[in-house]
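The sequence and structure come first.

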Amino acid sequence: MDHRGNISEYQCNQYITKMTSIVFSDFRLICGFMDKCRLDINNLHCGSISTGEKDLHSQGEVIECLEKGVVQEAEVTGAQPIREECKKAILRVAELSSDDFHLDRYLYFSCRDDRERFCENTPAGEGRVYKCLFNHKFEEAMSERCREALTTRQKLISQDYKVSYSLARACRADLKKQHCSAETPRARAREARLSYLLLCLESAVHRGRTVSGECQGEMLDYRRMLMEDFSLSPEIVLHCRGEIEAHCSGLHRKGRTLHCLMRVGRDQGAIDAQCQKALQTLIQEADPGADYRIDRALNEACESVIQTACKHIRNGDPMILSCLMEHLYTDKMVDDCESRLLELQYFIARDWKLDPILYNKCQGDASRLCHTLGWNETSEVMPPGAVFSCLYRHANRSVDQGRRLSRDCKVEVQRILRQRAMDVNLDPELQARCMTDLGKWCSEKIDAGQELGCLQDHLEDLVSDCREMVGDLTELESENIQIEALLMRACDPVIQAYCHEVSDNQQDSEDLMECLVQNKHQKEMSEKCSVGVTHFQLIQIKDFRFSYKFKMACKEDVLKLCPNIKKKVDVVFCLSTTVRNDTLQDVKEQRVSVKCRKQLRVEELEMSEDIRLEPELYESCKQDISRLCPNVAFGSAQVKECLKEQKKKLSQDCRQRVFRLQEVEMMDPQLDYQLMRVCKHMIRRFCAEGNSVLQCLKQNKNSELMEPKCKQLITKRQITQNTDYRLNPVLKKACKADIPKFCQSILKKGGGELEGQVISCLKLKYADQRLSPDCEDQIRVILEESALDYRLDPQLQVHCNAEISRLCSEEAAAQEQTGQVEECLKVNLLKIKLDACKKEVLNMLKESKADIFVDPVLHTACALDIKHHCAAIPPGHGRQMSCLLDSLQDKRVRLQPECKKRLQDRIEMWSYAAKVAPAEGFSDLAMQVMTSPSKTYLLGSIGGGVAMLFVFGLLCGRITKRVTQELKDR
């Protein structure tokens, strides 16, 4: 019977087949079986050995009882042991009956009806009926008795693969070829197990060795069988009994129990270590990562998703699982598929070998860099879960840091990282190190796939091991932002519209992130993408290592100039301060390298976009933001702009920081995000590269081509500059000697911002013609600007706001300011009630004497007369004004009527001003005399008085006592 398959003579074969049927009908006829199993039959109470009237088929039940005893010994702690020689005999009987199911008497009689129902057309022999019944085991119509008998036989196959005729025959040559057998009895017992056969041959397949297609087909069937029924794995039954009873009772069929155990281990962590190990071993044996169809529960749950999202991939290809992961949390994914997929991936992620694509591309790198063993071998030094950590550490190494991964392996490592970024449970090392922090910070209100982002948000609060791990992952993300699959998916419309070249060329992913930051406010930018990009920016400021390009460009400069500084915002401040100091001191060689300075500029511009990217400013102003800007979005520097507009209402600390922010922005207008964004097209049109952007825009403010929004913002910046000379770098430099000389009393007051007092002081000195040439030029510009728009004069705004509302409301409401408000105040000087406002208007009159350009209404009215009568006279120092006044007095000169009227009005105003505000000095007195209507009379009187004194001195000699010659000579 042992060699029945080798008998070629037909009649002999038929005879042996009949004898086999007879022998297997009564176990007592099997040679040596009685001697080996007598004691075990009695111990297990499997029936009586003595003869007598019994059921005709009870002998088959004795064999079934012994088989169950073999199974229970492996599954139940403390079960009645079966002697080794009997166990071998039982498995040998099962093996001999594996060809024809008629030979397994108990199974035959248990499954007669089921065979007719499901396998009517399946011929007996070569184990075909067994396989057919196995395939229908979980059908609703399958009888429970037959299902139980089939399960027992499958469990025997798990203990000895030769109990499956088709598997043993198909893989016999491959087992020998791949050296999956040994000579020692203990080794033979181990190698007989189905799990060993599967692991050994799967290892050969993964290493690229040839295994016959027939054998691989049989392996696929039995791998699927293991995944469908947990009870076929003795270790699962033995070590997971408590978990099954507590969480997974009633889910026996179609792999549901296994997936339930996976879910318990993944979601709750409430699974015993031995059960976890048994599950991991079973996943390795079944190897569903190589073919998703092995996992029936997953296959059924994800069938619709595969048909729509992954239809371009060949059925059974390992890339199907990767495709499903790529569509996780998308509209194409269904809930049941998502759950089954993550349950399986949780265990695949814990052994890098279970991802066949990763193993195929990286096995050489893993052996070279991580000293791994074979596919089905383990090492305490480098357990499977640690291999991937080793691989991704080498993925980031540059050539000068040592050995790094091959290109193909690096691509696969990045693919796995993209998948793991979707669920923290898929990263075993991260989950192990951060279990406490995940529970503490990220247990509530965290959407799927957002756990790593939550840990990044609380980076400073994490325990050291978790913080180090999260830091390493964040640093890796900064090198390749495409690892963030959810972010890339959310940002796909923006990438396709504005960043496709960077994305398609697969340049440094930091270029892609820079592109996304620059286009954060495009209409294609969804809220999810915007939030994700901003989150990435906020994480980057916590450590300069998280900005890959910045780290690579500036790491040497940081070590040299900013050692022991970790936070990116502090590093940027340190380096930018160094650059600024070197520039101001005109050093020959900048301490910060060129490549670092270039990247530093990028970082500064990005940080200017959102106040949260400047933590000190944000923390100082957080309460003010809640109080004054509650509904203002953080992006586009809108919160910063809101704080600037509400500056007078800010708390002291916030106001000081906002002032320092404005100082920096005025020194370097390119850091003024709102200005650069709103006036982007105007800057391109009017401002050549290298010119001061704000100065250029101010000069072209009144151009017909200037956009209204940009013009409005320029005016805001001018108003800001005129509130404090320190916010006008050009003025500050030009008047650095004049300010302490003439305005020291104002500077001594200190106490924060100066509300335009220093500039007002300089204006008065301009009228007195006492400023240095450079300072005078700058004050003239300010006077000309503020003469056209009263809002550019902070002191006038402070003191005359009420009077403007009362007397000049129509002029103030005009969209275009052309000096009409100032003219209105001058005309209504006598009606002004507030002394402080009256003084400001008188100052304006005084300033207009010094330069006609400061009086735009008068200048417009007299433009033709200046051209005709005063063309040769240069502007400034009141020269053109004096020329016009002389022309007014000269009866030979005929001025334009409007100019004449305006000049007469001004003379009256100055006359009134002289009465209300007496001259403060000789220059004031001289100016009042020159502009007086009685100038000729006054000058004649003064000249006559001086002449009389001179004549009196000549005629009357000395009035004092004469001194004698002797006293002189003494």
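At what angle do helix H17 and helix H19 pack, and how far apart are their axes?

## Basis of the model

This is a predicted model, in which local features need pLDDT of at least 70 and side-chain atom pairs count only at pLDDT 80 or more, while totals for chains, interfaces and linings use all residues. Residues are numbered from 1 along each chain as its sequence is written, and side-chain values use heavy atoms, with hydrogens and water left out.

## Helix H17 against helix H19

Helix H17 (residues 296–309) and helix H19 (residues 335–348) pack at an angle of about 130°, and their axes are 8 Å apart. H17 is therefore oblique to H19. Axes here are lines fitted to C-alpha atoms, for helices over the stretch in contact, and angles run from 0 to 180 degrees between N-to-C directions. Angles under 35 degrees count as roughly parallel, over 145 as roughly antiparallel, 65 to 115 as roughly perpendicular, and the rest as oblique.

The crossing of H17 and H19 is left-handed, a term used if the near helix is turned anticlockwise from the far one by less than a right angle. H17 contributes Ala297, Leu298, Ala301, Cys302 and Val305 to the contact, and H19 contributes Asp336, Cys337, Arg340, Leu341 and Leu344. Contact means heavy atoms within 4.5 Å. Sorted by class, the contact of H17 with H19 has 8 nonpolar, no polar and 2 charged residues. Ala, Val, Leu, Ile, Met, Phe, Trp, Tyr, Cys and Pro count as nonpolar, Asp, Glu, Lys and Arg as charged, and the others, Gly among them, as polar.

## The chain as a whole

The chain has 56 helices and 0 strands. Helices (H or I, at least four residues) and strands (E, at least two) are DSSP runs, numbered from the N terminus. Of its 970 residues, 51% count as buried. Buried means under 20% relative accessible area, exposed over 50%, and partly exposed in between (1.4 Å probe, protein chains only). Among contacts between residues at least 6 apart in sequence, 61% join residues at least 24 apart.

In helix H2 (residues 33–43), the buried residues are Phe33, Met34, Cys37, Asp40 and Ile41. They lie on the same side of H2, because they cover an arc of only 140° around the axis. The arc is that of the directions from the helix axis to the C-beta atoms.

Although histidine 45 is not a glycine, its phi is positive, about 55°. Its relative accessible area is 70%, so histidine 45 is exposed.

Most residues other than glycine have a negative phi. Histidine 179 has a positive phi near 60°. Its place is the loop between helix H9 (165–177) and helix H10 (185–192). Histidine 179 counts as exposed, at 64% relative accessibility.

Leucine 391 belongs to helix H21 (residues 384–395) and is buried, at 0% relative accessibility. Neighbours within four places in sequence aside, leucine 391 contacts Trp352, Cys362, Asp365, Ala366, Cys370, Leu405, Cys409 and Val413. Valine 413 is 22 residues from leucine 391 along the chain, and their C-alpha atoms are separated by 7.3 Å.

Serine 786 is part of helix H45 (residues 773–788). With 6% relative accessibility, serine 786 counts as buried. Residues up to four places away in sequence not counted, serine 786 touches Lys763, Leu792, Asp793 and Glu822.
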